[in-house]
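Subject: Structure for your files

Hello,

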Amino acid sequence: TAFIDKTKAICMAFRTSRWTLLANGTTEVADDMRTEHYGRRSAIWMRLQDRESNTIVFFVNHHGPLSVNSGGACGGKSTANNLLKVMAAHGKPGDVLILVGDFNANAAGLTIKTLDTKLTRAIV
């Protein structure tokens, strides 16, 4: 099964033989800077339950705003906090949180630095 937000150039998929979909959605979390404005940026998310272990995963994919490392029109801290709000609003206590994406930011940017204060980074 796949979810696509064509207006935001972002998608996700999962294997239905392994996972059960509990919920999914899309939330706008940032806006590009005027200098490179392609539009608003989203976090697309889903809650899945593993059919074998019953583990519940809250999975988020995000395509970050431009300009690179700016965090967009409202800045990196705001973008990071909006991503965290999506997880808090739609995830549940005990969920395994997984956040992935093209953040249009590196470890020196405020988006990643802010997320690092709340989440454990596995791979950049």
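Arg18, Asp50 and Glu52 are linked in a network of salt bridges, a salt bridge being a side-chain nitrogen of Lys or Arg within 4 Å of a carboxyl oxygen of Asp or Glu. This is a predicted model, in which local features need pLDDT of at least 70 and side-chain atom pairs count only at pLDDT 80 or more, while totals for chains, interfaces and linings use all residues. Residues are numbered from 1 along each chain as its sequence is written, and side-chain values use heavy atoms, with hydrogens and water left out.

Strands (E, at least two residues) and helices (H or I, at least four) are DSSP runs, numbered from the N terminus. Aspartate 50 counts as buried because its relative accessibility is 4%; buried means under 20% relative accessible area, exposed over 50%, and partly exposed in between (1.4 Å probe, protein chains only). Arginine 18, at 33%, counts as partly exposed.

The closest N and O atoms of glutamate 52 and arginine 18 are 3.9 Å apart. At 64% relative accessibility, glutamate 52 counts as exposed.

Elsewhere, aspartate 32 forms a salt bridge with arginine 41, at 3.1 Å between the closest N and O atoms. Both aspartate 32 and arginine 41 are buried. The model has six salt bridges by this rule.

On the cores: a nonpolar core is a set of buried Ala, Val, Leu, Ile, Met, Phe, Trp, Tyr and Cys residues joined through side-chain atoms within 4.5 Å. The largest has 14 residues, of which Val29, Phe58, Val60, Leu83 and Leu115 touch the most other members. Helix 1 gives the largest share of this core, five residues. A second, separate core has six residues, including Ile10, Met12, Met46 and Leu48.

Leucine 83 is in contact (heavy atoms within 4.5 Å) with Val29, Ala43, His62, Leu99, Phe103 and Leu115, leaving aside its neighbours within four places in sequence.

Regards
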